[in-house]
Amino acid sequence: EAHIDRDALWRLLVARGVLVHVAGGRDRPLLFHRDAVIEIKRMLRLAYPPPASFTVSEAKETVGSTHKYVVPLLEFLDGARFTRRSGDRRVLLSAGGE
């Protein structure tokens, strides 16, 4: 039976752009497939085109996920300058892009 080094595997997939390291450390990374991130961006873009803003709760409903995943993802998108947080609301920085 072959041993799979999970750390090495996820690092390789992140390096190749297949997975996106959204949050967490080496012991408990939060990873999303790149296509999921693209789809979530598309969903947010359609639901909240600028200058519309949205809350975490609205984003959870839009993407069909939970607080556990949506909050770190939105923080990642803030850092990537896809969204900007202002208080308890966020706005998309651009209607274009991926």
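## Pairing of E3 and E5

Strand E3 and strand E5 (residues 89-92) run antiparallel and are joined by two bridges; strands (E, at least two residues) and helices (H or I, at least four) are DSSP runs, numbered from the N terminus. The bridge partner of Phe54 in E5 is Arg90.

The model is predicted, with local features needing pLDDT of at least 70 and side-chain atom pairs counting only at pLDDT 80 or more, while totals for chains, interfaces and linings use all residues. Residues are numbered from 1 along each chain as its sequence is written, and side-chain values use heavy atoms, leaving out hydrogens and water.

An open sheet is formed by three strands in the order E3-E5-E4, with antiparallel pairing (two strands pair if DSSP finds at least two bridges between them). Strands E3 (53-54) and E4 (83-86) stand at the edges with a single partner strand each, so one side of each lacks a neighbour in the sheet.

Helix H4 packs on this sheet and touches E3, E4 and E5, contact meaning heavy atoms within 4.5 Å. The direction of H4 makes about 110° with that of E4; axes are lines fitted to C-alpha atoms, for helices over the stretch in contact, and angles run from 0 to 180 degrees between N-to-C directions.

## Packing of H3 and H4

Helix H3 (residues 56-63) packs against helix H4 (residues 67-79) at an angle of about 110°, the axes lying 10 Å apart. In the contact, Val56, Ala59, Lys60 and Val63 of H3 meet His67, Val70, Val71 and Leu74 of H4.
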